[in-house]
Amino acid sequence: MLTYIEELIMEEMIKTLVDTGKWGEEDVKIGIRASFKCEYCDKDLLESVDNYKEWQVDHIIPKSKDGEESFENSALSRRTCNVNIKSRWNPVEITGEDATRDQLITAVRKYVRDKRTEILADVSFFRKTVFCK
């Protein structure tokens, strides 16, 4: 629970970012909830231009799998984690229907980590093939 002073500071930050015209209020709130890091890989999305340009809001439970269009079903993610790795994978397959948001995020984090490991094996093979190392 935030103190009154922390709430005022948060409201001012939201207003300042929204007033730039480059942020929507919900995007700021999603960013704040995630500490402006990808909820799937922890990459700081305000660390660099490249990271910032990867910013996406993902539906934790994909809309194609009956996921809601809601704040609770939204996660801050990198485009790489969202589109290229998680895609339409549904964490409910692992967690079950009654999972909390935290349980769903944990399942997606594991899925993304495992998929990255698989992709890394492919990339390592490609490097050895291309660079003969």
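Residues 24 or more positions apart account for 57% of those contacts in the protein that have a separation of 6 or more. The model discussed here is a predicted one, and its secondary structure comes to six helices and two strands, which follow one another along the sequence in the pattern α-α-α-β-β-α-α-α.

**Overall dimensions, surface and charge**

- Along its principal axes, the C-alpha trace of the protein spans about 60 × 35 × 25 Å.
- The accessible surface of the protein comes to about 9,100 Å², and carbon and sulfur atoms make up 53% of that surface.

**The largest nonpolar core**

- The largest nonpolar core has 16 residues, among which Tyr 40, Ile 60, Leu 104, Val 108 and Val 112 touch the most other members.
- Helix H4 (79–86) and helix H6 (101–131) each supply at least two residues of this core, and the largest share, six residues, comes from H6.
- Ile 60, one of the core residues named above, is in contact with residues from several stretches of the sequence, including Tyr 40, Glu 72, Ala 75, Lys 86, Trp 89, Pro 91, Leu 104, Ile 105 and Val 108, when its neighbours within four places in sequence are left aside.

**The second core and Trp 23**

- A second, separate core is made of ten residues, and Ile 14, Trp 23, Val 28 and Trp 55 are among them.
- Trp 23 is found in the loop between H1 and H2, and it counts as buried because its relative accessibility is 14%, which lies under the 20% limit for a buried residue.
- Leaving aside neighbours within four places in sequence, Trp 23 is in contact with Leu 17, Val 18, Val 28, Phe 36, Leu 46, Tyr 52 and Trp 55, and two of the residues in that list, Val 28 and Trp 55, are also included in the second core.
- Trp 23 and Cys 41 are 18 residues apart in sequence, while the distance between them in space is 22 Å from C-alpha to C-alpha.

**Helix H2**

- In helix H2 (residues 25–33), the buried residues are Val 28, Ile 30, Gly 31 and Ile 32, and what covers them includes helix H1 (4–19), S1 and S2.
- Just after H2, Ser 35 takes a positive phi of about 55 degrees.

**The two strands**

- Strand S1 (residues 55–59) and S2 pair in the antiparallel sense over five bridges, and within this pairing Asp 58 stands opposite Ala 75 in S2.
- Strand S2 (residues 74–78) is largely enclosed by the rest of the structure, because five of its five residues are buried.
- In a regular strand the side chains alternate between the two faces of the sheet. In S2 both faces are covered, with Ser 74, Leu 76 and Arg 78 buried on one side and Ala 75 and Ser 77 buried on the other.
- Ser 77, which lies in strand S2, is buried with a relative accessible area of 0%.
- Not counting residues up to four places away in sequence, Ser 77 touches Cys 38, Tyr 40, Leu 45, Glu 54, Trp 55, Gln 56, Asp 58 and Asn 82; of these, Tyr 40 is also named in the largest nonpolar core, whereas Trp 55 is included in the second one.

**Positive phi values in two loops**

- Most residues other than glycine have a negative phi. Asp 66, although it is a residue other than glycine, has a positive phi near 70 degrees.
- Asp 66 is found in the loop between S1 and S2, and it is exposed, with a relative accessible area of 72%.
- Ser 87 is not a glycine either, and its phi is positive at about 55 degrees.
- Ser 87 lies in the loop between H4 and helix H5 (92–95), where it counts as partly exposed because its relative accessibility is 38%, a value in between the 20% limit for buried residues and the 50% limit for exposed ones.

How values were computed. Residues numbered from 1 in each chain as written. Predicted model: local features only at pLDDT ≥ 70, side-chain atom pairs only at ≥ 80, totals over all residues. Heavy atoms only, no water. Helix = DSSP H or I, 4+ residues; strand = E, 2+ residues; numbered from the N terminus. Contact = heavy atoms within 4.5 Å. Areas by Shrake-Rupley, 256 points an atom, 1.4 Å probe, with all protein chains shown as cover. Core = buried A, V, L, I, M, F, W, Y, C linked by side-chain atoms within 4.5 Å. Buried < 20%, exposed > 50% of the residue type's maximum accessible area, 1.4 Å probe, protein only. Pairing = 2+ DSSP bridges.
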